[in-house]
Amino acid sequence: MLEPTKLFRKLLMFLFSMSVITVGFEMFASATKQEGPPPIPREFRAAWVATVNNIDWPSKPGLPSDKQQTEIINILNTAFSLHLNAIVLQVRPACDAFYPSKLEPWSEYLTGTMGTPPSPSYDPLEFWITEAHKRGIELHAWFNPYRAHHPSGKGPISPDHVSKTKPDISKPYGSHLWLDPGEVGTQNHSMSVIMDVVKRYDIDGVHMDDYFYPYKEKNKSGDVIPFPDDHSYALFKKSGGTLDRDDWRRSNVDHFVERLYKEIKKVKPSVRLGISPFGIWRPGNPSQIKGFDQYSELYADARKWIREGWVDYWTPQLYWSVTSPGQSYPVLLQWWAEQNLKHRNLWPGLYTSRTYEGNWSSKEITDQIDATRKQEGASGEVHFSMAAIMRNSRGVADALRHAYTEPALVPASSWLGNWKPEGPIVKRKRDLSSEDVHITWTPGGRHDVWLWVVQVKIGGKWRIEIMPSQKREWDLKPGSLPVESIFVTGVNNIGVESE
């Protein structure tokens with residue numbers, strides 16, 4: 001039998017242990033009930049940077065390398081300040097290169113003379129990629145697969161240009177030189193050029209626009225010039241082909257698009273392929289739509305490509321106003337969304353440069369952004385082009401600042417894989433209620449992280465910051481408002497977020 005004093009001690013120890021368990025349970029319950037952060041905003045916000053005829057960059061041919069680089073930095077800083085998250089850079093405007101290549105010559109639009117490298121020597125594409133990624137901005141490489149020479153090019157064509165090295169596939173067409181898409185050599189050459197960049201550079205996407213077969217040109221009498229593909233079509237017929245010429249031309253483009261998508265996925269599955277076709281597939285689709293017929297004029301069956309899922313994102317050039325009766329922006333956007341049977345990313349192209357080339361107000365652009373946000377299945381847009389934004393033409397950059405009020409992640413491409421990075425390991429310097437807060441983190445696993453997202457709740461309101469993978473710390477001096485919660489997540493290069 002226990003003595004009273006021993007019994008009392010036992011009772012006290014029991015009561016203490018129960019209090020510890022109770023407090024521990026209450027702390028655990030409080031932690032599990034902690035309010036989680038809101039979903040991270042998702043929206044593709046991009047701009048084209050056209051190099052042909054020096055539309056966007058560089059401002060003129062032959063600038064010294066440091067001037068070219070200064071212009072790159074200015075463009076990227078502007079994009080970052082407006083919460084844009086991608087740049088679509090034209091790296092091959094006309095069988096030339098804005099990077100060192102063994103397959104094609106340096107671009108005249110870069111150095112002033114085709115085939116001449118920049119001076120002092122540097123790799124412009126690598127510089128673009130590095131500086132974009134420092135800011136958490138994606139860099140998509142934009143290729144013109146068939147245009148061999150543009151009439152804005154005034155200098156001599158270099159000896160290593162495809163029109164000199166492979167004259168059998170390069171044909172004069174009106175004021176242009178054009179590669180014949182019906183020639184096997186054309187498809188192989190353009191495929192090699194694009195895949196060379198995919199293999200050598202850390203690009204986030206490959207992009208093509210609406211130039212497959214050329215827009216028809218006319219002679220001095222006003223008659224349409226036939227595209228010079230008699231030779232390649234005769235070979236097709238001789239081999240037993242039965243398609244008429246128009247269907248054969250469309251099949252040539254179909255084959256290239258499908259092959260390119262498959263080739264990219266074999267080498268780097270995370271590199272996304274995007275195409276920006278003319279905004280109307282065929283007049284009458286839907287019924288009130290009028291205008292140019294890319295199916296019959298450019299031999300581009302663009303609807304087929306998105307229906308087959310041969311792209312990761314789709315950017316139809318919807319270069320008309322919201323109220324245009326025959327080419328309504330929201331009507332066309334809805335129609336393209338209905339064609340998106342594989343649920344690829346739908347990010348339409350906006351003619352933002354019409355704020356200085358035409359009579360559009362900046363409100364037209366923000367109205368189109370609003371229409372995109374209302375359309376189910378659409379999740380962003382691409383602005384043509386960066387020049388209008390850099391000029392702040394009719395206040396369009398200011399308007400975008402109000403439209404893109406907080407940073408956003410690029411929507412995920414879940415069909416490319418659903419693996420997610422492990423959550424980061426976070427350490428904080430002080431208690432969250434202190435005046436200043438400083439946290440650091442390390443990746444939680446072996447999978448690569450492309451971006452970090454910090455979500456902070458201060459004074460009952462959430463704020464978000466998106467930063468590149470090399471950054472591993474965050475600090476804030478909130479003043480009188482205490483920091484209530486901090487969440488850090490990692491995002492991989494196809495947009496999947498960690499815990």
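## Salt bridges and a helix pair

Glu 104 is buried, and so is Arg 92 (buried means under 20% relative accessible area with a 1.4 Å probe, protein chains only). This is a predicted model, where local features need pLDDT of at least 70, side-chain atom pairs count only at pLDDT 80 or more, and totals for chains, interfaces and linings use all residues. Residues are numbered from 1 along each chain as its sequence is written, and side-chain values use heavy atoms, leaving out hydrogens and water.

The whole structure holds 21 salt bridges (a side-chain nitrogen of Lys or Arg within 4 Å of a carboxyl oxygen of Asp or Glu). The table lists some of them.

| Pair | Closest N to O |
|---|---|
| Glu 104 and Arg 92 | 2.6 Å |
| Arg 45 and Glu 43 | 2.9 Å |

Arg 45 counts as buried, at 4% relative accessibility. Glu 43 is buried at 7%. Lys 171 and Asp 180 are buried too. Elsewhere, salt bridges link Asp 229, Asp 230, Arg 245 and Arg 249 in a network.

Now the helix pair. Helix 13 (residues 362-374) packs on helix 15 (residues 396-403) at about 30 degrees, with axes 8 Å apart. Helices are DSSP runs (H or I, at least four residues), numbered from the N terminus. The two are therefore roughly parallel (angles under 35 degrees). Helix 13 contributes Ser 362, Ile 365, Thr 366, Ile 369 and Arg 373 to the contact, and helix 15 contributes Val 396, Ala 399, Leu 400 and Ala 403. Contact means heavy atoms within 4.5 Å.

Technical notes. Axes fitted to C-alpha atoms, helices over the stretch in contact; angles between N-to-C directions. Parallel < 35°, antiparallel > 145°, perpendicular 65-115°, else oblique. Buried < 20%, exposed > 50% of the residue type's maximum accessible area, 1.4 Å probe, protein only.
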